[in-house]
Amino acid sequence: MEREIEVPNPNNGQPCKSVTLEDLTGKMADFAKERDWDQFHSPRNLLLALVGEVGELSKIFQWKGEVPKGLPDWKEEEKLHLGEELSDVLLYLVRLSDICGVDLGKAALRKMELNANKYPVKQCNGYNGYNTAEQDV
């Protein structure tokens, strides 16, 4: 069953509609099924592919030092490449969560709630004195 998802128009860069995690999950499942890739999409294999894509994403920033929000000094081709690598990471993560039977949206919201309890605003607002190695996203 082919799913239709509208994507951003390259002519004006404006999306026609929002894309949900459910949309991506369905599209990735269809994509893998059409290519008979389900046989290769074990949790382990997907995780290793995800790690590889995170490595490719890291290479983009490797020698840039700190960069300001919005990447104002980056060329359009660099931003396009960044978007492609971010997308690879997202798509593998979405596929991995689907194969593992985890509702990624619900899990993310739950994790945000746990983090809100772990890091109350009163203790953190404007303060960066905690060990960032122990900080959750």
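Is L82 buried or exposed? L82 is buried, at a relative accessible area of 9% (buried is under 20%, exposed over 50%, with a 1.4 Å probe and protein chains only). This is a predicted model, where local features need pLDDT of at least 70, side-chain atom pairs count only at pLDDT 80 or more, and totals for chains, interfaces and linings use all residues. Residues are numbered from 1 along each chain as its sequence is written, and side-chain values use heavy atoms, without hydrogens and water.

**Around L82**
- L82 sits in helix α3 (helices are DSSP runs of H or I, at least four residues, numbered from the N terminus).
- Beyond its neighbours within four places in sequence, L82 contacts L57, I60, F61, L71 and W74 (contact is heavy atoms within 4.5 Å).
- E56 lies 26 residues from L82 along the chain, with 9.6 Å between their C-alpha atoms.

**Helices α1 and α3**
- The axes of α1 (residues 21-34) and α3 (residues 76-100) come within 9 Å and cross at roughly 85°.
- That makes α1 roughly perpendicular to α3 (65 to 115 degrees).
- L21, L24, T25, M28, A29 and A32 of α1 meet L90, L91, V94, R95 and D98 of α3.

**Second largest pocket**
- The second largest pocket holds about 170 Å³ of space.
- Its lining is M28, F31, W37, H41, N45, L46, A49, D88, L91, Y92 and R95 (lining residues have an atom within 4 Å of a pocket grid point).
- Helices α1, α2 (43-61) and α3 each supply at least two lining residues.
- The largest share, four residues, comes from α3.

Technical notes:
Axes fitted to C-alpha atoms, helices over the stretch in contact; angles between N-to-C directions. Parallel < 35°, antiparallel > 145°, perpendicular 65-115°, else oblique. 1 Å grid on protein atoms, 1.4 Å probe; cavity = no way out; pocket = protein on both sides within 12 Å on 5 of 7 lines; lining within 4 Å. Points joined across faces, edges and corners; volume = space filled by probe spheres on them.
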